[in-house]
Amino acid sequence: MSQPPWTMPTGTTHQPQLKVYNSLTRSKVPFVPIQPGHISWYACGPTVYDDSHLGHARNYVTTDIIRRILRDYFGFKIRFVMNTTDIDDKIILRARQRHLYDEYKKNHRYIDDQVRQDAQQAWHYYIQKNLKRIASKDLITPETFDGVIEHTYGDVLAGGSLEPGTKPGDREAKIKMHINTARNAAKALMQDPKLLTPHEFYNRVNDIMCLVLDEQFGSTIRGDDYAVFTKLTKEYEARFFQDMHDLNVMDPDDLVRVTEHGKEIAEFVKKIVDNKMGYRTSDGSVYFDIKAFEAAGYPYARLEPWNRNDKELQADGEGALSQKDATAKRSDADFALWKASKPGEPSWDSEWGPGRPGWHIECSAMASGKLGQQMDIHSGGIDLAFPHHDNELAQSEAFWANHGQWVNYFLHMGHLSIQGSKMSKSLKNFTTIREALHVRKDWTARSLRIVFLLGNWKDGIEITDDMVTEGRNWEDRVDNFFLNAIEAIKNTKSSDERPAGLEEAIQEAAEKVRTALLDSFNTPIAMNTISQLINTYNGAKKSELTAGDHRRVGLFVTRLVNIFGLNGSEPADTEQVGWKGIEIPDAAKEFVYPLAKMRDELRQAAIAKSITAEKVQEIVTTSPTSLEEPASSGRPRPSYARALSEFSRAALQATSSPAAMESSPDLNKQILALCDRVRDIDLWQLDIYLEDRENAPALVRPVTEGLKAARREKEDKARQKEEARKQREREAQEKLQKAKLDPREMFKPPHQTEYSAWDDDGVPTTARNGTPLTASRVKKLKKEWEAQRKAHEKYLATLPTLVPNGPDSPSATR
């Protein structure tokens, strides 16, 4: 099924070559804004009922990258509107569950028999509801759970699908999630109550208890008790924006919340009904009439018409608390504009009775309220295309009823996947942004953004080791470039006599970047172009480059990383070369720079084998070594001042050692060892690295993830090499021990007890039970005997006191 026609906007633009991939056409089309030089943009924001994860980061960081490119590279003025969904089915369920569970825990502070009984019943109910392959007749207990699961879901756990012949995906991921939830609860139920605190027990049975408590008591919560719901949403909205700030994502120009626009949304719904494209049902709900909409000449499902009959997607779009009676609707595909509130759900007054907005109508009403009857860009994650965005389009067109194009360009960001499934709150297969940045520290805001820039914004990304390595290598390359360029700018004398050596390379890179970004924001090519320019710079003869060369290439790269949001809030039109994180902390400079200078002088003298005690004392005493922190009690903590003073002290002590006083070469070795130690241990643990260079002072730089990874790789190789050496030694020792055994004794007790008679060489002839050995068996044993004879002779040859072919050697008996 093909998409309906899309109307190309008319008008003019200062960027006529810019094309964007438009989900409304599934192709790249020219970008022409409604108002020249200006962009109106609405982005679907978070549903705030839990912490945001890396999948959300993929959407919001990528959106931020495109927003920055349009603003800072192409020069558009943008009005960026974003919503937070602070009321919908997921929020209602989560808020009620959390409220009821908190009340339950308050009333049951200790894990007594009643609590354990409640948890056991909830556990059975959870399994019955979510793990359908386990029949209710199966007598499953926490103790038998793993065995039953292996029998009923072993194929899914092994990577198979629920339906043979299909590819496993989200449904299988959800089953695994339910199994893990039930398993964690089972472990808590089996655990000795004395070994679990109430907090630990309640955490492990959280999901199963919340499900049952909500089904039993959810309807008792008053619809006007908004605090039950806003307590949850305010908390997670604040946490969401903190996560966004940590990721260097710009705030929206306008933030709209559903709970603040209830009246406007109800009026929006009323107009759709007045336009004969919505209808009220007997329970007070209002539904969108798809048949009437299409009969009026409007196409439904502009984005994904092939999914319009997907029952699973439709049900997911309607929410878990939606009306289950399909007969109330004129058509199964009709979706809720306004939901009559049931007991336990928040409500607002309307002409149809107490109710609340449907999910899709929220964005239609708020976006139209802010941006009017047409906008340039609407964006969100690709999972929202159908039904959410398709329903938004239908509702808005029914509201405006002008047969116009409500959205000109729909941009959908690709998923972030893990093991084949999208990262999702509902699947619980996610790492939260704050956990990734601040707890596990797997990522920084920059490293995550780099990975997204290396992939196309509309394509899915799966986190792999190769992807992480590629991102880290790119960041290290730029780190090193900035360090070298900044130093070169400082040390190269200004001269206008020589022609610019890199101007052509910079111009070529600029053209490639522009071509890439005009081609629907092709950041992978732009990032690769930056790498190529850096390679050209690194390969150029520095003696042939002017200070202007270093500065021009440095500014070109700096401005691009600033545009991409890789350098905090630094402006695109900067005159400052470099990005944050390449300088050591200010607190370290007064200690580390003198230390580095002192170390350079000592190290160069030691390498030249010209070190003397007098030379050491001269270098150390002319360096500032008295800047030391006050002594602390207990074990001294590493500090910049201590690193400087201890290095100075150790260098002076080396000159007074007996070995150094007797031998200058020994002093050279000691000084070099001290230089290595302060670089590899003392400063490294302070997150500072001294990068030694030929014919130049050591480069003082912070320890980056790339440097850490390189050190881990080096240490792993050294460890593997050492393990291989030890293994060779063990094998050689085993071989030696085996070779010591005289072949005439190898088949006799105590070495072997299978035989009862032997020939003169010690080769067995009779089994232990007296049965003669077969000829083939004797032949095989003689072959083993011969191999041992040769090994034994080699062993004897290593012993000078014995004669290998003496009367007692095995060869002499042959």
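Trainee: How do the axes of helix α9 and helix α13 cross?

Mentor: The axes of α9 (residues 262-274) and α13 (residues 385-400) come within 8 Å and cross at roughly 70°. Axes here are lines fitted to C-alpha atoms, for helices over the stretch in contact, with angles from 0 to 180 degrees between N-to-C directions. This is a predicted model, where local features need pLDDT of at least 70 and side-chain atom pairs count only at pLDDT 80 or more, while totals for chains, interfaces and linings use all residues. Residues are numbered from 1 along each chain as its sequence is written, and side-chain values use heavy atoms, leaving out hydrogens and water.

Trainee: Why is α9 called roughly perpendicular to α13?

Mentor: Angles of 65 to 115 degrees count as roughly perpendicular. The crossing is roughly 70°, so α9 is roughly perpendicular to α13.

Trainee: Which residues meet there?

Mentor: Phe 268, Lys 271 and Ile 272 of α9 meet Gln 395, Ser 396, Ala 398 and Phe 399 of α13, contact being heavy atoms within 4.5 Å.

Trainee: How do you know that the span of α8 agrees with its 20 residues?

Mentor: The expected span is 1.5 Å times one less than the number of residues. For α8 (residues 227-246) that should be 28 Å, and the end C-alpha atoms are 28 Å apart, so the two agree.

How values were computed
Helix = DSSP H or I, 4+ residues; strand = E, 2+ residues; numbered from the N terminus. Parallel < 35°, antiparallel > 145°, perpendicular 65-115°, else oblique.
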